[in-house]
2 protein chains.
Amino acid sequence: MAQKFVYFFGRGKADGKSAMKDLLGGKGANLAEMTNIGIPVPPGFTISTEVCEWFYDHDKTYPTGLEEEVENNLKKVEEVLNKEFGNPDNPLLVSVRSGAAVSMPGMMDTILNLGLNEEVVEGLARITENERFAWDAYRRFIHMFGNVVKGVPNESFEEKIEALKKKKKYDLDTDLGIEDLKNLVKDYKAVYKKETGQAFPQDPKKQLWMAINAVFGSWNNTKAIKYRKINDIEGLKGTAVNVQSMVYGNFGDTSGTGVCFSRDPSTGKKIFFGEYLMNAQGEDVVAGIRTPMKLTTLKKKNPKIYQQLEEIKDKLEAHYRDMQDIEFTIQEGELFLLQTRNGKRTGAAAVKVAVDMVQEKLIKEDEAINRVTPDQLDQIFHPMIDPKGKKNNTPLTRGLNASPGAATGMIIFTADEAESWAEKGKKVILVRKETSPEDIGGMHAAQGVLTSTGGMTSHAAVVARGMGIPCVVGAKSVSIASKSMTIGKKKYKEGDYITIDGTTGDVYGGGMDLIQPKISGELKTFLEWTDKIRKKAKRSNTDQVGFIVRTNADTPADAKKARVFGAEGIGLCRTEHMFFEGEKLLYFRQMIVAEDIESRKKALKKLLPLQKKDFRGIFKAMEGLPVNIRLLDPPLHEFVPKSKKEIDDLASFSGVSANKIKTKASELSEQNPMLGHRGCRLGVTYPEIYDMQVEAIITAACDVAKSGAKVFPEIMIPLVGSARELEILRDKAIEVAESVLDRRKMRKQVKYQVGTMIEVPRAALTAEEIAEHADFFSFGTNDLTQMTLGMSRDDMGSFLPTYQTEAIYSKDPFAELDQTGVGSLIELAIEKGRSVKNGLKMGICGEHGGNPPSIDFCFRSGMNYVSCSPYRVPIARLAAAQSAVSNK
Amino acid sequence: MAQKFVYFFGRGKADGKSAMKDLLGGKGANLAEMTNIGIPVPPGFTISTEVCEWFYDHDKTYPTGLEEEVENNLKKVEEVLNKEFGNPDNPLLVSVRSGAAVSMPGMMDTILNLGLNEEVVEGLARITENERFAWDAYRRFIHMFGNVVKGVPNESFEEKIEALKKKKKYDLDTDLGIEDLKNLVKDYKAVYKKETGQAFPQDPKKQLWMAINAVFGSWNNTKAIKYRKINDIEGLKGTAVNVQSMVYGNFGDTSGTGVCFSRDPSTGKKIFFGEYLMNAQGEDVVAGIRTPMKLTTLKKKNPKIYQQLEEIKDKLEAHYRDMQDIEFTIQEGELFLLQTRNGKRTGAAAVKVAVDMVQEKLIKEDEAINRVTPDQLDQIFHPMIDPKGKKNNTPLTRGLNASPGAATGMIIFTADEAESWAEKGKKVILVRKETSPEDIGGMHAAQGVLTSTGGMTSHAAVVARGMGIPCVVGAKSVSIASKSMTIGKKKYKEGDYITIDGTTGDVYGGGMDLIQPKISGELKTFLEWTDKIRKKAKRSNTDQVGFIVRTNADTPADAKKARVFGAEGIGLCRTEHMFFEGEKLLYFRQMIVAEDIESRKKALKKLLPLQKKDFRGIFKAMEGLPVNIRLLDPPLHEFVPKSKKEIDDLASFSGVSANKIKTKASELSEQNPMLGHRGCRLGVTYPEIYDMQVEAIITAACDVAKSGAKVFPEIMIPLVGSARELEILRDKAIEVAESVLDRRKMRKQVKYQVGTMIEVPRAALTAEEIAEHADFFSFGTNDLTQMTLGMSRDDMGSFLPTYQTEAIYSKDPFAELDQTGVGSLIELAIEKGRSVKNGLKMGICGEHGGNPPSIDFCFRSGMNYVSCSPYRVPIARLAAAQSAVSNK
């Protein structure tokens, strides 16, 4: 531990600096830095985090010398300000704040006005000639101190103020007069005594030390410990304590307070932007009781202060090399900066600021890439409700924000009608209690989906995210009758307009204007920079230069959309979704209920040309890029009709009796379908299905290649758990493929690969055996997570919330890859697979492929690509570039 | 490759010996060995496996010199016998057989009488003065040669013989006269020509080389390759070819043939035991047309031959040091031995022979332990149908042999009635379409269980095996009405007797006498030897000496039974089964449907004394030994009532409305219950359940310890997937346990442990984190297999058969541990766990704990114990001892 415990800042010079965050905490280091670069910061001092460490190592005592150092530094503050702590005639008041190296809710926050007592308050009233101000400050101080230092419940104080207001028939706190405040101070002191058993401390030094103790004590309270556990914060020494002189914006008409940004936080334009209020405290600006004024007014009314503020703004932005969010106070005509930090901004602003700053030579491209978070980028890539319209429309209800973006259209209650209305050119929102695989056509035709039940992993949510259509699920207050829905007291019928916002979960009545995303201007430049860095990325665990972003797309339309967003191939094309469309579903069902192999083959023969057409469309859309097609994966019972009508339709279509269809359905039903007869198990038991699919893929590839386009089909076998499964199915696939290529004489033009998903833990564990038969591995992390964690996505809703509050899984493992468990299995598989085939192509096609921390994992682990839904492609490009930068 | 290709045996001297199996195959090495020790074996020679290897390495050609060596060895055989190959006046006939180092169905088996042709057959008739014999031999030769060498279908020959018999109105082949046989030979040659396009070869040398080619060719036919794949047979050079002179037991009245055992194969008693027929061929003894005579008759009728045979028997047993199964032929008064091998025997005989041979100083105890297979031991430990009774009773039908042992009793069709009849002292067999968890009480009360549906992993099968009660499942021809069942045309009603044999799957009408197992005599001695070796076992990957066998037992009765069988503790006591009994089920259900935590706690309070009683009983039964108790594991919906009556009962008992109960039931239902809200997830979300269970365990332990008995409770948390889960639940368990121990002042007397199951793949992958919070790991390999393979036991019936024929999983992975996949995960977990806690106790409690190859894996991997159902305990003791011997 250093010999120095306390670090002074004030009058243009500080003991600390920005780089000393570990020792002074974020806030302390920042106050020191601002002081050093000549920003007028109210003077004060920081007690270092090492003192906190010492405090806990020594039974909550302090090192010798600390008291003296605090004393000396307090004296320095007094000298700078020419005030005296505890002197009623010229009192110094201070704030006390905690501040660790990492910002951490759960610790003690702030005590203001410390140093007030019965005498000082009178003095303050005299000096400021503002008795009300003085007593109000004292009242607030007792409340804050009592609550923060001694844990007196807020309600105990609030009761008193409410009782008084009621008695006096006041509406607002500001109605309280001087006498009222004096009485309240009495009451508050009584509350303090009752709750703590002690009188409210009158000695300012005692107040200060009690506050310091409280800050250090808060470092290890339950909330703070839990917060660090959940967020994996380790290795910190403790918190620092910042003691800073108070300045006031409410000293009169030459005082004021405000907030400003060095650029416009919603557009990113380089204009000085802010609001302020004269004779006010910071909280008045926030509370919205008075309407703040624009900085332009300040420029007119007080050009000197404005100019000083503008210079400071420029200085801060140049110094911190980012857009700043600045809090200032004017005390009797003198400007003080209380805080500066990198400003929060919209996605659009983040991109513009980053690109502009590179062009201003303030930052480099590598840095610019880290100035936009993937979440910010995500905002830009979905339709948004026009903020102008939003102001006049309050949401009817809020559900879960299952798939981002806004959508507006006519309400429709069945998937079939959604399709037929959409065909007529109408924009519809599909509203259902919940969706099922049979609704997929309707979901695809709709602008958006709203369900009244289901969670973030419900069918509607998963499918909508996959399709990139906005979706709000679990909107519990939506009650659906046959052709109408009620929200609260409002009733909506088929054809009425609603608007949903899948980014927030809000549901609005009526149609609203939307803003559509586009890639141009700064955004285009920005994404090109990310690609440049991504494509040059090198890693120690693979020879390949660069890292690819593919997309999960099941239709030509999705493929085209993803290509516009920058997708470099398809990483997962799910063939089963194709079977849910129109006549294909009937033939597919006929195949399932077939009573012998001949009738099964007959039905498959009908499907063959239809599948071919599907694949041709996709190959064309992805011309020149690889297209990874997964053979049939879900269990057959997902396709079997359930309703009487559908069963009867199938019976008359297939010639199999309704009773037999029902028997077949019950035979196919499973206890744990996730672990049942699906994936390559279907391929092994019904080889004719995969044969048909492979024939369709290769024939379609030949057709497209014949027109001169380049095609790179990758045939993917799902749910492999043993090398022998893949061996059998790969041999079969090659046999079928070669016979097509021979027939078409296109061996040279069409090069295909056959590989496997790694989604069963056993496949990862035996990856060296499986690699022998695979041209590529694609990690199916949805299933791999389900099996490795033994947790069904559909069923975890009942315990996941508790698991998150108990910090068992702090993140939803289906949203963000569980790197410790599932990740270690993936790393094992990569290592084992490449031990047999150096350079074996590896990628991810689970939903994690669009999640930035998971993308970073994929990058670091040596994979060659990620694949994600079309709307996530730009996010993945950014996330991968950020990984490339941080791994440089 | 050696310079020598062919190895001669004959006249007391052979080129080969027993140790040369790799080179000569098992059969060839054995013929050489017998010759060398002076046994009269018909002379012949063996072409080595290296020739087979050369054959495949060189495009199916032979090395230079082979032909000459075969020629020379054939000459040696001719000289020894003074006969000549192909000479009609004094013909040598030979057999040709394949024989690899490992016995392997799928390869070519045997051709007899090779060397016969149109002239030789006439000569043979002359010399033997038995024309019928000669032509019958020729006919058989053409058939065998055509089928085995040229692949002519058996039916093509059989059609001819059937047509002739029909025409002549013969019943038996033996009715065929000399002319008939001559005609048949003509027909057979025509068949051969038609099917092969070539005339039947007349040159004996050509015949010989065609046969040799066929043997080598059969090494790589599809069947043989598949057999080696399925059985993991690798590293063999190929097959050898054995050419041996023919001897005949049907040359007349001084000839004969027989089979004998050096000890009684059904009891193991040391008596010379066998059967023979004069003037007969080996197949006549087998075919059962004539009744064979006992060896005692031979002793009387031909004392010289008998004495010679007895001497040979003694010599062979002494040489091979095991009970021998010997085939002999007497040709014109001369004794020849054709084969000797270790004799197949019953379980009882295996134990007796092994123990006797140690006492005779023929073998050592270590060897004796390997002389009894676990399967043989298993036979002894279940009630068997008395073989006397079996002879007069043919089975009505056969189902799947789900749980071994025989049971006899009155048919009963519901679990409730099974319980009430059993209470009245009646022995019942529970007959159901299928069973469900609610039937557990009835299953326990029954002698055995018969179901008409379900497979080896159905509920009935799994539970019955766990309980050790005989069970036949999937007996499809059993059709069950309300209170009767029909098998074929026979109808049985409630109270009628049936008998089931769970070892074979047979179902008999009526009651039958059973033989009950007991441990005494040689069996006791034998098991003591296994224990001696097991308890001294050392392994390189653990410091612990010895290997423990525990049992899975949920009741005091099971615990007592297992202790008699040698269990050294309980490895898994499933608490959920306790809740299915009587009033406990009602309280448990009340707890589930409770609408708030208070009513839940109230119901749990009722359960507490009942659980305590359960645990007291188990602790007493296992006094002095560890008892591992798993806290509640299955999802709550398994307990929720389904029938209207049960729902109404619960409604009136709990005061919760029937509608709410139904709603609760549907809320609790899950898509994939295996991966749902169960195991420790219940403990995290409903901590009061585990609290109650821990309180019951520790209180019961105190009660029993107070009486002076030693108790070692182990509290096991199921389904842990993350260290934090275990941390939370362990802390909770310790808190509850300590408070009980403090209250009872028994901290010193009751030492308990808290550990976890490793059954979720993630737990294995993060075992080093989990070990920090665990006193032990118990591998739950049932669930671990389900999750690692992504395969639900309940659902795999639809594809497992295909998976087995396709050699994807050659063994049912739920019966025998998948060592490659699941095993590697277990090894990882052991290594990671012990890296943090050296010597951390590890065991297995899945059903694999009773499977010998899996036990061997557990032993080698460094576990401390296995745990299995009571009836498997002796098998596990033996299997572990065998592992100890082979790892010495």
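Two salt bridges are counted between chain B and chain A of this predicted model, a salt bridge being a side-chain nitrogen of Lys or Arg within 4 Å of a carboxyl oxygen of Asp or Glu. Side chains of opposite charge can pair when their charged atoms come close. The side chains of B:D818 and A:R762 are joined by a salt bridge with an N to O distance of 2.6 Å. Over all chains, a search of the whole structure gives 122 salt bridges.

The model is predicted, so that local features need pLDDT of at least 70 and side-chain atom pairs count only at pLDDT 80 or more, while totals for chains, interfaces and linings use all residues. Residues are numbered from 1 along each chain as its sequence is written, chains are lettered from A and ligands numbered from 1 in the order in which they are written, and side-chain values use heavy atoms, with hydrogens and water left out.

Contact (heavy atoms within 4.5 Å) links 47 residues of chain B with 47 residues of chain A. About 4,100 Å² is buried between the two chains, 57% of it given by carbon and sulfur atoms; buried area is the accessible area (1.4 Å probe) that two parts lose on being put together, summed over both. On the chain B side, B:N672, B:L675 and B:R762 lose the most area to chain A, together 15% of what that side buries.

Within chain A, A:D649 and A:K645 form a salt bridge, with the closest N and O atoms 2.9 Å apart. These residues are separated by about one helical turn because A:D649 and A:K645 lie four residues apart in helix α24 (residues 644-654) of chain A. Helices (H or I, at least four residues) are DSSP runs, numbered from the N terminus.

In chain B, the axes of helix α4 (residues 118-128) and helix α5 (residues 131-150) come within 7 Å and cross at roughly 150°. Axes are lines fitted to C-alpha atoms, for helices over the stretch in contact, and angles run from 0 to 180 degrees between N-to-C directions. α4(B) and α5(B) are therefore roughly antiparallel to each other, the term for angles over 145 degrees. In the contact, B:E118, B:V121, B:E122, B:L124, B:A125 and B:T128 of α4(B) meet B:E131, B:F133, B:A134, B:W135 and B:Y138 of α5(B). By class, these residues are seven nonpolar, one polar and three charged, where Ala, Val, Leu, Ile, Met, Phe, Trp, Tyr, Cys and Pro count as nonpolar, Asp, Glu, Lys and Arg as charged, and the others, Gly among them, as polar.

Terms used: Helices (H or I, at least four residues) and strands (E, at least two) are DSSP runs, numbered from the N terminus. Angles under 35 degrees count as roughly parallel, over 145 as roughly antiparallel, 65 to 115 as roughly perpendicular and the rest as oblique.
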